[in-house]
Amino acid sequence: MIRTVLDMLPMMGIGVVESLYMTLLSTLFAYVIGLPLGIALVYWAPGGLRPKPRLHALLNGIVTVMRSIPFLILMMMAGPLARLVVGT
């Protein structure tokens with residue numbers, strides 16, 4: 001059994017590196033998109049430096065829709081799992 005684990009170490013190392021790569025890339029993507037969008041929302045808010053209510057409402061709507069996407073993905077994945085557990 002120990003020999004089997006030792007044989008799998010290189011493959012596990014590759015998996016760890018790939019996981020870190022995906023995590024760092026998605027974090028970078030979130031910062032590149034999210035930080036300017038957040039700054040724009042504060043800047044154009046009704047009490048912000050340059051109030052533009054229509055643009056703020058549009059951006060706020062886009063952010064609200066984008067925030068719900070991970071939850072929708074979770075629900076799509078949980079449906080078949082719930083059917084498997086419950087059996088209906």
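**Ground rules.** I am working with a predicted model, in which local features need pLDDT of at least 70, side-chain atom pairs count only at pLDDT 80 or more, and totals for chains, interfaces and linings use all residues. Residues are numbered from 1 along each chain as its sequence is written, and side-chain values use heavy atoms, with hydrogens and water left out.

**Whole chain.** I looked up the secondary structure and found 2 helices and 0 strands. The radius of gyration is 22 Å, well over the 12 Å that the globule rule gives for 88 residues, so the chain is more spread out than a compact globule. (The radius is taken over C-alpha atoms, and the rule is 2.2 Å times the number of residues to the power 0.38.) Helices are DSSP runs of H or I with at least four residues, strands are runs of E with at least two, and both are numbered from the N terminus. I noted spans of about 65 × 40 × 15 Å for the C-alpha trace along its principal axes.

**Surface.** The chain exposes about 7,800 Å², and carbon and sulfur atoms supply 78% of that area (Shrake-Rupley method, 1.4 Å probe). Buried residues make up 7% of the 88. Buried means under 20% relative accessible area, exposed over 50%, and partly exposed in between, with a 1.4 Å probe and protein chains only.

**Largest pocket.** I read a volume of about 220 Å³, which is the space filled by probe spheres set on grid points joined across faces, edges and corners. A pocket here is an open set of points on a 1 Å grid over the protein atoms alone, where a 1.4 Å probe fits, with protein on both sides within 12 Å along at least five of seven lines; lining residues have an atom within 4 Å of a point. Helices H1 (2-43) and H2 (53-86) each supply at least two lining residues, and H1 gives the largest share, 7 residues. The lining includes Phe29, Leu41 and Arg67. By class I have 8 nonpolar, 2 polar and 1 charged residues; Gly counts as polar, Arg as charged, and Phe, Ala, Ile, Leu, Val and Met as nonpolar.

**Single residues.** Lys52 lies in the loop between H1 and H2 and is partly exposed, at 42% relative accessible area. From Lys52 to Leu41 I get 9.6 Å, C-alpha to C-alpha, across 11 residues of sequence. Val85 is in H2 and counts as exposed at 65% relative accessibility. Val85 and Arg67 are 18 residues apart in sequence and 28 Å apart in space, C-alpha to C-alpha.
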